[in-house]
Amino acid sequence: VSSTAFQLNQSAAHPYPSGVITLTTDFGHRDPFVGVMKGQILMRFADAKVIDLTHETLVHWPAEAGFWLSRSYRYFPRGSVHLAVVDPGVGTQRDIIVVEADGHIFIAPDNGLLAPVLTRADAPRIHRLEMARLAHMGIGAPSATFHGRDIFAPLAAEIAAGRCRPASLGPETRDFVPAWVDDPDTAADHVTGVVITVDHFGNLITNIEAESIKRLANPVVRTGAHQFELRRTYGEKQPGEYLALINAFGVVEIARAEQSAAAGLGLGRGAPVIVASTA
Amino acid sequence: VSSTAFQLNQSAAHPYPSGVITLTTDFGHRDPFVGVMKGQILMRFADAKVIDLTHETLVHWPAEAGFWLSRSYRYFPRGSVHLAVVDPGVGTQRDIIVVEADGHIFIAPDNGLLAPVLTRADAPRIHRLEMARLAHMGIGAPSATFHGRDIFAPLAAEIAAGRCRPASLGPETRDFVPAWVDDPDTAADHVTGVVITVDHFGNLITNIEAESIKRLANPVVRTGAHQFELRRTYGEKQPGEYLALINAFGVVEIARAEQSAAAGLGLGRGAPVIVASTA
Amino acid sequence: VSSTAFQLNQSAAHPYPSGVITLTTDFGHRDPFVGVMKGQILMRFADAKVIDLTHETLVHWPAEAGFWLSRSYRYFPRGSVHLAVVDPGVGTQRDIIVVEADGHIFIAPDNGLLAPVLTRADAPRIHRLEMARLAHMGIGAPSATFHGRDIFAPLAAEIAAGRCRPASLGPETRDFVPAWVDDPDTAADHVTGVVITVDHFGNLITNIEAESIKRLANPVVRTGAHQFELRRTYGEKQPGEYLALINAFGVVEIARAEQSAAAGLGLGRGAPVIVASTA
């Protein structure tokens, strides 16, 4: 693999490679799976800046990975390549898609993972990967069970290095596998969503967007028999007290000051949450 | 954000930027919180070398993060920027301090986290951050719940890139919130401290400094009804046997050869430990 | 420490430094142990590309670290330095070995960790480290309990920077501590191995090489009273069904589609596994 210095200065080849590659997987930290992906990236693009977004999303469930990626990519430089692998169908006929959206590039199995990005981004372009188009880059003959190492990592390196454009990888399409979790239901006086993930602190993070509840007068947040006021931040409550807030990623969250709301309420992913007007 | 190459060669702007930024938080590895902080750093300082110190300190308890940071920073190049966020008061009126000490720079909430650094360093200089001073760098209007991403990360990037000096960020002060854990009590024939953290191996790590027990004749280490000899290293005991030692960070540790002392003794953070003379 | 730019271009000093250093330990992610190792690397070699292979191998058991390292290093550039520390004997008389094999360099305690590399690589060269040879590089007087920070990290940096060759570090030897786990037994109609690790997904990964079972007609995989067909990938079975396959690291694995085989079967490290001909 030759030097990338020349290509990186070629705006024609790729308008905005930042050299940054983010990784989002359900691989965990116990095994060398993430490490060998990074090895494969460095073998092709020695100057890549590889950032772990998360490797602890729920295994085999693309929805959580897609939720976090769709809320996180804007905090990276434009021209970053976001590789996401939650891939229970690895080695079967499932497709891989490469997406350009908002000046970022995404590579993932076409299994619903990228749906939260695609439905929220402005005019995303989707290309369906044809493996034959990778042959000239020496990417091919993958193992049946680890495409993260054998396809995604080398392809992300080639794109991030500015040597390959998404449009060259396969036909453009408008079809993609939809999200695993429905968007919230909106009624006149309430919005109904679900807990999509529980963070390290035990905060219950929902898929209800701040924008969707703006029209509600004096909104409160309910789950089961519990009702919580919307506050601005955790420290407005005494330790142990519950609250709801719009979190730093723009969605409704149920929290417990200095404690775990998930443990305290016995709730987790999938729990229904309602934001209702009380005016 | 423009290139940093020129500034990095300007010793006048900042005498010793190493380009290294360390991260110490209670954010865990489950969520993309650490990843997006790195994204924000790279957006401002593409050549930053970001090193994770730890993200698994006890949540909402700044003492453990401060303990490890105060014992770890000397193993990084001078001119490194150490960003530490354990921040139950995020979004409230708590202050942020920027500290220069021993040729290193530290940024943290003023909540006691940095007290172990400040009380041990030689002539530290503390500046109390004024948010208005960040406006010209485009840092402002932070979220109410994630200052790690919205203030700490971009500020660390600006300092590490040599574009901003701590003294420019706010008035110098000698006040800071004290440590959450008292320093050990010293008597004629013993020193009394506590277990401050339990490591991955189950070793019980105390806040008792090697220096403080040098004057004790034939010291032994006691916790509850247990008494342990001071040895040099784990392998001097048979697997399963307990021992005490001065660990590689200069403090007294209670260990169990090839097993977990914490599990074996049923002890954890806060357990009182006495080093006593037996001469 | 002076600039490394000149040395990196000196093929005479070291034929193939890639600048990549991988880390494999049992240190976990709770404490700053890995972070301070990286600090020590950057102090000597600011441009090092440090990749975590894994830090969650079973504590005090070099076999798992050696298994993964021996199956992973080929996915990194030639000239990479692989530092591995699972070291219950730290601070005792155990030796450290530096190995050149397949264009890669390995540094580890001589406690069996590198045996899986040494027995599989083509013509490895082993050098037994003499601490006195490190003195001129300023490596010496290590702590008794953290050689990862005090010896391994700085030495890896010096080698990766091209300033030090393995042959200069001590006498060549053919002796090394053998592996902790026996290689599989091979009979006419079956091969008997063990589960060597359980991955994040609960897959049971054995030490039985694909090559060793090629001669078996219609092979099936057995453990206890269970028998599994060899398939190509997980998605060929319905969720919840068991299967066996040759995994992406070339060894036999027992899996359960979208679930944990380890939890479902109640098996873990050390479980005996037989691949038998059924022709």
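1. Chain B can be laid on chain A by a turn of 120° and a shift of 0.0 Å along the axis, with an RMSD of 0.0 Å; the superposition is by least squares on the C-alpha atoms of residues with pLDDT of at least 70 in both copies. In chain B, the C-alpha nearest that axis belongs to H29(B), at 5.2 Å from it.

2. The model is a predicted one, in which local features need pLDDT of at least 70 and side-chain atom pairs count only at pLDDT 80 or more, while totals for chains, interfaces and linings use all residues. Residues are numbered from 1 along each chain as its sequence is written, chains are lettered from A and ligands numbered from 1 in the order in which they are written, and side-chain values use heavy atoms, with hydrogens and water left out.

3. Chain A, in turn, is superposed on chain C by a rotation of 120° with 0.0 Å of shift along its axis, and the RMSD is 0.0 Å. That is the relation of a three-fold axis. Within chain A, H29(A) has the C-alpha nearest the axis, 5.2 Å from it.

4. The contact between chain B and chain A takes 30 residues from chain B and 28 residues from chain A, where contact means heavy atoms within 4.5 Å. Only 7% of the interface residues of chain B are also interface residues in chain A, so the copies meet through different surfaces.

5. Between them, chain B and chain A bury about 2600 Å², 64% of it on carbon and sulfur atoms; buried area is the accessible area (1.4 Å probe) that two parts lose on being put together, summed over both. On the side of chain B, the residues that lose the most area to chain A are R30(B), P32(B) and T145(B), together 23% of what that side buries.

6. Across this interface of chain B and chain A the rule finds 1 salt bridge, defined as a side-chain nitrogen of Lys or Arg within 4 Å of a carboxyl oxygen of Asp or Glu. The side chains that meet in a salt bridge are those of K49(A) and D47(B), at 3.6 Å from N to O. Helix α2 (residues 33-44) of chain B provides the largest share of the side that touches chain A, 8 residues; helices (H or I, at least four residues) and strands (E, at least two) are DSSP runs, numbered from the N terminus.

7. For the interface of chain A and chain C, 30 residues of chain A are in contact with 28 residues of chain C. The area buried between chain A and chain C is about 2600 Å², and carbon and sulfur atoms give 64% of it. R30(A), P32(A) and T145(A) supply 23% of the area that chain A buries against chain C, more than any other three residues. Here the side chains of D47(A) and K49(C) form a salt bridge (3.6 Å, N to O), and helix α2 (residues 33-44) of chain A gives the most to the side touching chain C, with 8 residues.

8. In chain C, an open sheet of 7 strands has the order β2-β1-β3-β5-β4-β6-β7, with mixed pairing; two strands pair if DSSP finds at least two bridges between them. Its edge strands are β2 (49-54) and β7 (172-173) of chain C, each of which pairs on one side only. Strand β1 (residues 20-25) of chain C pairs with β2(C) in the parallel sense over 5 bridges, and I21(C) stands opposite V50(C) in β2(C).
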